[in-house]
Amino acid sequence: MLAEFLFRRVFYSCIALLGLVVAVFLLARLTGDPSVLYLPDTATAVMREQFREAHGYNDPIVVQLGRYVWNALHLDFGMSLRQNVPAMDAVLQAFPWTLRLAGVTVLLAMIVAMTIGPLAAYRPGSIFDRIASVLSLAAASTPDFWLAILGILVFAVHLGVLPTSGTGGFAYWILPIGVLMFKITGTTTQVVRGSMISSLASPYVKAARAKGMPENRIIFLHALRNSVISAVTVAGDQTRGLINGAVIVESVFGWPGVGKLMIDAITQRDFAVVQAAVLVTAACIFLLNIILDLIYAALDPRIDLH
Amino acid sequence: MTDKTPDTTASAPASNPRRRYALLTMLAGDRFASAAACFLLLLLFFAIFGPALIGGAEVRMNLGMRNAPPFSGENGLPYLLGADSLGRPILPRLMVAARTTLGISIGVVFLAMCVGSALGIVAGYYGGRLGGAIMRGADLVMSFPSLLLAVIVLYVLEPFVFNVVIVLAITRIPVFIRVARAEVLEVKQRLFVEAARSIGAGDWRILRLHITPVVLPTLFTVASLDLANVMLAESSLSFLGIGVQPPGVTWGLMVADGRNFLTTAWWLSFWPGLAILLTALSANLLSNWMRIAMDPKLRWRLEPEATRSSAILRRLFPARSQAR
Amino acid sequence: MTRWKEFDVKRGSSGPLLQVQGLEVEFRTGGRVVHAVNGIDIDVRRGETVAVLGESGSGKSITFEAILGTLDSPPGHVTGGRAEFEGQNLFDLSPRRRRAICGDRIGMIFQDPLSALNPVYTVGWQMAEMYRVHRHLGRAEARRQSMDMLARVGIPDVQRRIDNYPHEFSGGMRQRLVIAMALAVDPALVIADEPTTALDVTVEAQILALLRDLQRERGMGLILITHSMAVAAEIADRICVMYAGQVVERGDVRTLFGSPAHPYTAGLLHSLPGVAAARHRRLTPIPGQPPDLAHIPPGCPFHPRCPRAEARCRAEPPALRPVGDGQREAACHFAEELLAAAPTAQQDEGHAR
């Protein structure tokens, strides 16, 4: 059953990914002269014609599509015109940076949410709970680029304790992770809190209390275990926010990840890199969703996959 | 489950004057929600009428006022919040930017709501293959970060305001599809067992008269929640330079402009960002309130416990009784 | 003075295990006050089974939630009364102390076993928890004793099934699981809340038999909360009839069913479809509805539906007082008349025993 589930999910994801590749292709080709996308505005008509010939843009669409898909399957998205390396290489080099940033952020966010959430849920309406809710609300309403800039202003410019951008030692991680964490932690905490409130009100918790189980055990063993399941359910939505946030955080803090690569490629009109970055990210998202489904199934014994 | 009367009293839109009064009282009772509502109304007012009031002050470049600091009273009202690198006063620019940002955001939400609900209602009501295909498509779009989608589409299609609206709307449509479909599914099983079909009412009639009024309040709640998200997304796009382009002005663009002057003129980035924060916060607060107000099971939480503002309202309208 | 009042309440004597006096519980939500329990007196001795009989909404489950301290506390509050268990008033104890006593000395069997069991932990884990927390046993020993207990309640193939999850058991098996957990650490009192309501008739008989065997074996006190007179008649020694949050009649099961002293009890008996002699009689349900507990009628709460109600019933709430031979109590102004005038009740309720 597990193999069947995995196979089905991977299959559908591949189809979706393929669809995405085709969609990008169509978007790029059908909206006019593709050389506009690749070459800078200063390119002359002759250069554009040469470019088109060299890359086969004058061939029939179907042939182009076939070639494009074939290349995509080999992870060949062309050359980055700025950096003179294959676009894919540029993406693969930037990828680990984003992974590190996102990974640490998610880990910290989960830890914070699983600590504050249950405590807030235990006494709903208490001062602690209300402060936590207000902070979460503020976090959900704050534009992350503004927060990033404010962070730089306060900590780097005025207080001088943290660097403004780039990578390096531990200090370089603090602001980027802090800003990225803010919104995610807020949302996740609220989700865990909501789920804990209903867990704590459920009949099995009442039964556990009647069994004489101490409060700590009830909160962290009986109720939280059930709430983790719903936290994982929304984790999928959270990854979207994470990626959006990562793009901005990387741009503002000069973090050499895929997000910064993408934005730079846009300003530099480096379409090959833009394509590669977007498609690789999409593939990762699909993969992540599959992993989340597996985690979810592993956590909830009522789901029969094995 | 026998529903003796359809749940129209609980979720009928505020067309009934008694119900509108009850809503207002509940709103007055919640300080934060009412503050949020006031702020948004004020903002809307300035967004619509502001530019006419200030008459082009926002583009008046005064190089003598370059990067003027805020709160220096002698420069006059427009310069209350300082001036930017070209000497343009910030406060009027904020107002003009409000118009663009709010216009785009409201446009996006409205478009997404219309298209998404229509698709969702179809998916829920008719189900079957069409419904399944719609849901699958919605899931696909939903799993994609909006920024990525916007990035690639706006790169190819040029960042005109129209394109920005379309792209952002596409990213929000799946949410409305899901919500509308869920509501329709729930109502469908209530009403069909009831008389509607059995007395020969056609599909269109049922949809229009029975299903839509029930689905609408939830949709509005979701829409108000989405407003904040769309605003933040649009600002992010402008900030990164792939959204609205100059000479258009949005809050996100203003923040980006101010980035170069962080050390010397922090107010250039600060005020626009604060504006985004306050607006998104208000939208979130209001939508939280709406969610509780629209749900009859939770509504008791908002029953006014003699707060000052609700007492004022009661004195203003003494003859009207509570709609409970 | 009846025998009830003469009991010595010292621990370890033949005094009542649990003695509840004057318990009152209110629920306050959104401006309304619901009087769920209004002055209940109940007691149980070791080795005896007391059935608490009443319709849904009579406050029977809430009474025991309040006693055990598992009441949903923002809306619900205990506003009066005492609950003495083994000599100690549970309401005087700190929540932690009370929780410890309750889990250890009082076992609770829940109405819906599926929702009373945590879906994400194995049955073995939940069972062993009782031994590990209350008896401080190690993992292996706890598991061994769990298996013994599970086998005792009739779970087949314990070795394998102890590692199953609750949703993998049938309804009757789940009820046995819940019983096993309640009895795991040998409590002095067991409260069973509608243990057979969710089960079909054959399984119900097995569960009742199991409860009776276990009680005989261990000599604990058993409180059985139910709305079914058949179940009460099956295993109870004494009955407490509840209505609108009050006890309206209590006494020995045979005498109570044989000749009820309260119109409500009489009404309940007459509304049962009879088996033998009464087959051709029409069903006579009690007219009306149970009262809205936020607006309990003044005087006797049953008077709007009572065929014998008079002006006095509306004005003066009847107290629970001994009637007849003094071995039973009823809360009705006309209890004596009812007893005197109903010899027929004994005949056509023969199926009760």
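Contact here means heavy atoms within 4.5 Å. The model is predicted: local features need pLDDT of at least 70, side-chain atom pairs count only at pLDDT 80 or more, and totals for chains, interfaces and linings use all residues. Residues are numbered from 1 along each chain as its sequence is written, chains are lettered from A, and side-chain values use heavy atoms, without hydrogens and water.

**Two domains of chain C**

An automatic or database domain assignment sets the bounds. Domain 1 of chain C spans 16-236 and domain 2 spans 242-348. Buried area is the accessible area (1.4 Å probe) that two parts lose on being put together, summed over both. A salt bridge puts a side-chain nitrogen of Lys or Arg within 4 Å of a carboxyl oxygen of Asp or Glu.

| Domain 1 to domain 2, chain C | Value |
|---|---|
| Distance between C-alpha centres | 28 Å |
| Residues in contact | 25 of domain 1 with 19 of domain 2 |
| Buried area | about 1700 Å² |
| Salt bridges | three |

Carbon and sulfur atoms give 60% of the buried area. On the domain 1 side, C:N38, C:E55 and C:M229 lose the most area, together 34% of what that side buries. C:R250 forms a salt bridge with C:D43, with the closest N and O atoms 3.1 Å apart.

**The second largest pocket**

A pocket is an open set of points on a 1 Å grid over the protein atoms alone, where a 1.4 Å probe fits, with protein on both sides within 12 Å along at least five of seven lines; lining residues have an atom within 4 Å of a point. The second largest pocket is lined by 36 residues. Nearest its centre lie A:Y122, A:R209, A:E215, C:G69 and C:R99.
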